[in-house]
Amino acid sequence: RREHALEIQSVYGFKTFTNDHIPSTVSSLEYLAWQTDKGIVLAEALIQHLRSHSILLPSINVIERICAEAITKATRRIYYTLTEPLTQANLKSLDSLLELKPESSITLLSWLRQPTGTAKARHILEHIDRLQILRSFGLPDGLEKSIHQNRLLKIAREGRQMTPQDLGKFEQKRRYATLAAV
């Protein structure tokens, strides 16, 4: 059976997948991983790439590992892209979101995430206060356009679901990127 498989490979020009193919396959997925972190989408693109280059498919574990590596690389690049233009003042402002609000038992982030309530004068004034605080952060214009919209929305959604204490435990790049997205 092995000899027959080798003969078919040589007749049709198929190549066996080796560890030497891993870097090129990961880099072939990077652009797509910048747009989405859906494993099935990346796996389909990887399989299509391998087939177009007449490379025999590796095991599902290898495909999964390649997709995971591409997602990890793209995610790190996204965190870097979101945090690189931030100044020290921006970082300090984002850190202040995780601190308790003066004369309150909730963090500034929790207060900003609270619903505005019905259209009453007091609620409108609170909403204006929230907007003024957000504007005072002075985040760079167009920051939300520096990465793909799908990934930005996913990071923001994850950040909204976490408590400020959980966000505080993230490593710096991830914490600042998540807070900027939120």
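The model is predicted, so local features need pLDDT of at least 70, side-chain atom pairs count only at pLDDT 80 or more, and totals for chains, interfaces and linings use all residues. Residues are numbered from 1 along each chain as its sequence is written, and side-chain values use heavy atoms, with hydrogens and water left out.

Start with charge. Side chains of opposite charge can pair when their charged atoms come close. Here a salt bridge means a side-chain nitrogen of Lys or Arg within 4 Å of a carboxyl oxygen of Asp or Glu. Four salt bridges meet that rule.

One of them pairs E30 with K73, with 3.8 Å between the closest N and O atoms. This pair links distant parts of the chain: E30 sits in helix 2 (residues 22–35) and K73 in helix 4 (residues 60–83), 43 residues apart. Helices are DSSP runs (H or I, at least four residues), numbered from the N terminus. E30 is partly exposed at 23% relative accessibility. K73 is partly exposed too, at 40%. The term covers relative accessible areas between buried (under 20%) and exposed (over 50%), using a 1.4 Å probe and protein chains only.

Now turn to K154. Its salt bridge with D37 has closest N and O atoms 2.9 Å apart. D37 lies in the loop between helix 2 and helix 3 (39–52), while K154 belongs to helix 8 (residues 149–161), 117 residues away. K154 also meets E158 in a salt bridge, at 2.7 Å from N to O. E158 and K154 are four residues apart in helix 8, so about one helical turn separates them. Shared partners join D37, K154 and E158 into one network. K154 is partly exposed at 25%, and E158 is partly exposed at 28%.

Helix 6 (108–113), helix 7 (121–136) and helix 10 (172–181) each give two or more residues to the lining. Helix 7 gives the largest share, five residues.

By class, the lining has 12 nonpolar residues (Ala, Val, Leu, Ile, Met, Phe, Trp, Tyr, Cys and Pro), four charged (Asp, Glu, Lys and Arg) and two polar (the others, Gly among them).
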